[in-house]
Amino acid sequence: MYLSRDEEAVYQGERGETLARMMQILVALGDIYGAERLVTVKSVQIAGVSYKNIGPAGLEWISRLQGRVAVPSILNPAGMDLVRWREMGIDEAFAERQRAVVQAYERLGVCIDCTCTPYQIYDSLAGRGDHLAWSESSAVSYANSVIGARSNREGGPSALAAALVGKTALYGYHLDENRMPTHLIDVQADLMGSDFGALGFLAGGMVKDGVPFFRLRSAPGRDDLKALGAAMAASGSVALYYVQDATAAPPGSNNLHPQEKITLGRAEIDQVYEQHPAEGCDAVAIGCPHCSGEELERVARLIGGRKVKAKMKLWICTARKVADAHPALVAAIEESGARVFCDTCMVVSPATERFSKMLTCSGKALAYLPGLAGVKAGYCSLEDCIEAALVEERQ
Amino acid sequence: MMNMEIKCHRVAPGCAGGEALVTKEAISFLGNVDPLTGRVVDPAHELFGQCVAGKVLIFPGGKGSTVGSYVIYQLKKLNLAPAAMINLRSEPIVAVGAIISGIPLVDRVLEAVMKVRSGTWIEVDADGEWVRVHEEKGE
């Protein structure tokens, strides 16, 4: 791989041990994937924040690094709400280590907003055509597909390497040749709300790491695209997709030659619901990926002043900045007994493990809860999720 | 194969020697290897029960969770890491794990290296991009 004189100097250790190691990571990945050179990134989003995932070794490694990030960098969700962790049932020992992880990143100059949806709180992190080094699979999918930026799905250390160096290796989704659709998916059904997550759950399993191009009857909104991409990144490893007339278009899009054509209808979508019934749930989880302000508003409206059942938990996850921007909505939601937790989510927090079955309207949570948290998952619409959590209205 | 010198490609820098521990199977450091003992704990793995500490670990490549990189780092901190590693083709989990832990790692070696018997003395010079195989050391 070609390195400029300056990059070579970093690689050889002339700018210190940490930067040398970071450059070695970038070069090793570039060699593995056949990159010709490095490219400057606009921003970095770093996974490897939840102490549940990175453990003592991860914490120690991050704590020993020296230096400052070279570009705006932000964190993925942590294993707990950094303020209200006690209410989640997190123990003191975990909380202490989780705080240490976040402090270690802060010391390197990383912005310590912990969210899987950085694009919902900072517009400046990613624009059309920008090269990024983001980790969180749903955020990578959103950035590539909806924003039209360019990012591979980075691991924790490679994202941190990109943050400290300010560059990433030029391969994969940074290059037009890897951004061509591989599958054409015709959806012959009208989709609403959680249908997009169900579609993503199905499509991800079918296309694996491919690049699907959807033709939909219904025009998806931003939250619908967020849900679709997140589900495909979890049930498969889709990092880029297209929706005709709704997302950025493929490069040179007059000549699409997808290798495979798939048709999906209402029956296939409905199967996702039928195969994951709501019965037996002891918790309802909303906000995977993190809720937007509009979604908080919808939740508050659906609750409509009612109360959560005594033996049920209703947890809503969002970014702290989004919660802070909507204090009245958060108060209205919590009045019911529901909790709006920030900085974390049901997939990465150990707090989830004590539930036996969670009800969700997220295709991503549906794909991850059983494996990552050992919790069964039921799937239904946001409306049915909220209804399942609330005390039934007396006539 | 005696005192054979084989060309390779540097992934993580450094030089080290040790007894070979060889497997034809990919390794998922998260799950396959116990970070507190260095032993392969997956009964389904060819190296089940073996300890990777101080060995030159020869395997086709890594697989599984990216948290595996931190397992390699944990092994190194407890002096239970391999002295060096040789892959046919490195992938990001093992490559990143080796770099952050300071373990020499090379790849793109001849397939013949995979046929070395476990216990054979191996030197790895990642910086010079060669691997030396000392068959029947001490004869």
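Author: Among the contacts in chain B of this predicted model between residues at least 6 apart in sequence, 73% join residues at least 24 apart. Of the 139 residues of chain B, 47% count as buried. The C-alpha atoms of chain B fill a box of roughly 35 × 25 × 25 Å along the principal axes. A compact globule with 139 residues would have a radius of gyration near 14 Å, and the 13 Å of chain B agrees with this.

Chain B contains three helices and eight strands. Along the sequence, the elements of chain B follow the pattern β-β-β-α-β-α-β-α-β-β-β.

The eight strands form an open sheet in chain B, with the order 1-8-7-3-4-5-6-2 and mixed pairing. Strand 1 (4–7) and strand 2 (9–12) of chain B are the edge strands, each of which pairs on one side only. From one strand to the next, the twist averages 30 degrees. In general, the strands of a sheet pair through backbone hydrogen bonds, in either a parallel or an antiparallel manner. Strand 3 (residues 15–22) and strand 4 (residues 56–59) of chain B run parallel and are joined by three bridges. L21(B) has L57(B), in strand 4 of chain B, as its bridge partner.

Helix 3 (residues 92–101) of chain B packs on this sheet, where it touches strand 2, strand 5 (84–87) and strand 6 (105–107) of chain B. The direction of helix 3 of chain B makes about 70 degrees with that of strand 2 of chain B.

Eight of its ten residues are buried, so helix 2 of chain B is largely enclosed by the rest of the structure. The buried residues of helix 2 of chain B are G68(B), S69(B), Y70(B), V71(B), I72(B), Y73(B), Q74(B) and L75(B). Which elements cover these buried residues of helix 2 of chain B? The cover includes helix 1 (29–32) and helix 3 of chain B, together with helix 3 and helix 6 of chain A. Just after helix 2 of chain B, N79(B) adopts a positive phi of about 55 degrees.

Since chain A takes part in that cover, the interface follows. In total, 17 residues of chain A are in contact with 19 residues of chain B. On the side of chain A that touches chain B, helix 2 (17–33), helix 3 (51–64) and helix 6 (156–165) of chain A each supply at least two residues. Helix 3 of chain A gives the most to this side, with seven residues. By class, the side of chain A that touches chain B has eight nonpolar, seven polar and two charged residues.

Note on methods:
Residues are numbered from 1 along each chain as its sequence is written. Chains are lettered from A and ligands numbered from 1 in the order in which they are written. This is a predicted model: local features need pLDDT of at least 70, side-chain atom pairs count only at pLDDT 80 or more; totals for chains, interfaces and linings use all residues. Two residues are in contact if their C-beta atoms, placed from the backbone, lie within 7 Å. Helices (H or I, at least four residues) and strands (E, at least two) are DSSP runs, numbered from the N terminus. Ala, Val, Leu, Ile, Met, Phe, Trp, Tyr, Cys and Pro count as nonpolar, Asp, Glu, Lys and Arg as charged, and the others, Gly among them, as polar. Two strands pair if DSSP finds at least two bridges between them. Axes are lines fitted to C-alpha atoms, for helices over the stretch in contact, and angles run from 0 to 180 degrees between N-to-C directions. The radius of gyration is taken over C-alpha atoms; the globule rule is 2.2 Å times the number of residues to the power 0.38. A residue is buried if 20 or more other C-beta atoms lie within 10 Å of its own, exposed if 12 or fewer, and partly exposed in between; C-beta atoms are placed from the backbone.
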